[in-house]
Every structure is written in structure tokens, then in C-alpha cells.
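Please open the model in your viewer and keep the selection tool at hand. The tour goes from one selection to the next and says what is there at each stop.

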Amino acid sequence: MHKKDIGSTWYVIYGDLVIQTMDRISTTNMHPNRNSTFWVLGIVYSGERTIEVENQQFTLKAGDYFLLPPNVLHGGVKVDTHDVFFVHFFACGKQFEPSQTTVIDHILLPMVGKIPRQTTIFQLIESINKEFKLNLAGNQFFSAHIQVLLHQISLSMQKKEIGWSDNHCLADEIFEFLNNHTSTQISAIALEKQFHLSYKQLNNIFKRQFKITIKQKTLDLKIQKACNLLINGETIESVVVKTGFNDYFYFLKCFKKKVGLTPKEFQKKSLSEQ
């Protein structure tokens with residue numbers, strides 16, 4: 001992706017963001033030479049974007065991002081064809097050395113890197129870019145959404161920096177898969193087909209990360225969803241179907257064990273407190 005180690009220059013960004021502009025541009029040109037007073041975040045959809053910052057040359061491709069600090073001369077390396085989403089914003093920040101633990105209160109990022117493998121990030125970009133063009137919201141709205149985007153990338157890059165293993169990433173992917181399929185029954189075969197490992201291997205990896213088995217976490221997620229549905233007035237019969245329980249009485253047993261109340265008792269209590 002680039003010619004120099006990405007760990008060489010990290011920045012911490014903190015405080016409120018003030019968005020100057022944002023857009024998605026598909027074109028062929030060379031990045032202009034400039035010394036901006038604002039931060040520049042770019043996310044490459046396709047093609048290449050070449051940049052030089054303080055004698056460091058970077059070639060960014062699809063799925064890469066670049067973060068250009070203010071008051072630092074940067075420019076292009078060559079004419080290239082690219083599709084890039086960019087944001088210009090003002091914020092407090094400075095160079096910062098990453099540690100062996102994640103920084104959760106601030107955004108901590110190297111100058112270039114990979115965005116996490118989450119389709120929600122691109123959905124977020126499309127949404128906020130549309131709202132920005134339609135001028136339907138103020139800076140507080142856009143600042144909050146760009147901060148969410150930066151925090152997601154920050155956490156992903158920090159995990160890589162401190163040696164977050166492939167197994168850690170796989171455990172996260174398993175969790176996401178479970179969370180997205182709470183309305184169905186997930187079999188061991190389905191998990192093996194999805195992740196190309198035996199169920200025993202997947203369960204061991206998951207348990208090392210989350211201190212709980214896949215089966216236990218699946219049940220927890222289903223019961224959590226059941227509680228949310230009951231609070232919103234769903235019938236118990238409907239909740240059983242929507243949480244992927246084939247056995248009505250098994251659902252009642254699991255719910256009572258996890259929550260301490262029957263679904264009927266829980267719903268009555270919840271609705272009376274609203």
C-alpha cells in the first residue's frame with residue numbers, strides 16, 4: 001500500500017470536529033500540492049490515489065484511507081484515476097505514539113491504513129454525503145457522524161498495531177454473524193460453511209476472545225432481542241418466531257433462566273414502567 005511503515009506517523013485527534021466540506025469524486029488527476037489549515041480524510045472506493053507527505057510516498061487503493069494533517073505540505077506523486085470520498089475538517093490534534101493498549105477516548109490513527117471490513121462504513125458515508133449535499137442538517141450532525149467513522153477506523157488500526165491476531169478478528173466476525181442471525185437457528189454446519197473451519201476450532205477461538213461459548217452467546221443475543229421485542233409490545237408467540245426458537249416451551253425455559261421472569265411477567269413489568 002505504501003513505501004514506508006504506517007506506524008511511523010500516528011496522530012491523535014480530540015475535541016469537537018468542524019466540517020468544512022465533504023464529497024465523493026471520481027476523476028483522473030494529480031493531487032494538488034498544498035499546505036492546508038484543515039485535516040483531510042480520504043477513503044478510496046476504487047482506482048489509485050498517490051500522495052507524498054514529507055518525503056513519504058503512498059499509493060492508496062480500494063479500501064484504503066489517508067489522513068493528512070493540517071499545516072504539513074503534501075501533494076501528488078503522479079496522475080491517477082480514482083474514486084475517493086473526502087472530508088475536510090478542523091479539529092485539535094498532534095503526532096502521537098501508539099501504545100500497547102487501545103486509546104478509547106480519542107481518535108488515534110496512522111497517516112494511512114485500511115478501513116475495517118464493515119459494509120456499514122460505506123453505508124454511513126453514502127448517507128452523510130447525501131445529507132451534506134442536500135443541506136438538511138447542521139455541523140453538529142455531520143461532526144458526530146464523521147467522529148463515529150473515525151473512531152471505527154481508529155479502533156481497527158489500533159488493534160492491528162498492538163498485534164490483534166487473525167483469531168481476534170475472526171472472533172469479531174463470528175460475533176457479527178451471530179448478531180445478524182438472531183431470527184434463525186444457526187447450526188454448526190452453517191458456521192463451518194461460513195468460516196471454513198470446524199465448529200470446535202471456531203468455538204475455541206470465540207471462547208478465548210469473549211470468555212463464552214458460541215452457543216451461550218447465541219442464546220444471550222436471542223434473549224436480548226426477545227426482551228426488546230416484548231418491550232415494544234410484541235406477542236410472546238411472535239417473539240418466539242422472530243428469535244428463531246422452534247420450541248415455544250424451550251423459549252419460556254431459556255427466557256426465565258436468563259431474565260428471572262417469564263416473558264409475560266417481564267412484558268407486564270416493562271410496560272407498566274413506561
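A residue is called buried when its relative accessible area is under 20%, exposed when it is over 50%, and partly exposed in between, with a 1.4 Å probe and protein chains only. This is a predicted model, in which local features need pLDDT of at least 70 and side-chain atom pairs count only at pLDDT 80 or more, while totals for chains, interfaces and linings use all residues. Residues are numbered from 1 along each chain as its sequence is written, and side-chain values use heavy atoms, with hydrogens and water left out. Helices (H or I, at least four residues) and strands (E, at least two) are DSSP runs, numbered from the N terminus.

Select Lys 61 to begin, a residue that is partly exposed at a relative accessible area of 43%. Its side chain meets that of Glu 48 in a salt bridge at 3.7 Å, N to O, where a salt bridge is a side-chain nitrogen of Lys or Arg within 4 Å of a carboxyl oxygen of Asp or Glu. Lys 61 belongs to strand 3 and Glu 48 to strand 2, so the pair ties together parts that are 13 residues apart in sequence.

Now show strand 2 and strand 3 together, which pair in the antiparallel sense over six bridges; strands count as paired if DSSP finds at least two bridges between them. Val 53 has Gln 56 of strand 3 as its bridge partner, and in this hairpin, with two residues between the strands, Glu 54 takes a positive phi near 50°.

Next, select Asp 80 and Arg 49, whose side chains meet in a salt bridge at 3.0 Å, N to O. Asp 80 lies in strand 6 (residues 80–95) and Arg 49 in strand 2, so the pair ties together parts that are 31 residues apart in sequence. Both Asp 80 and Arg 49 are buried.

Move on to Arg 24 and Glu 126, which form a salt bridge at 2.8 Å, N to O. Because Arg 24 lies in strand 1 (residues 10–29) and Glu 126 in helix 1, the pair ties together parts that are 102 residues apart in sequence.

Finish at Asn 135, in the loop between helix 1 (119–134) and helix 2, where phi is positive at about 55° although the residue is not a glycine. Asn 135 counts as exposed, at 62% relative accessibility.
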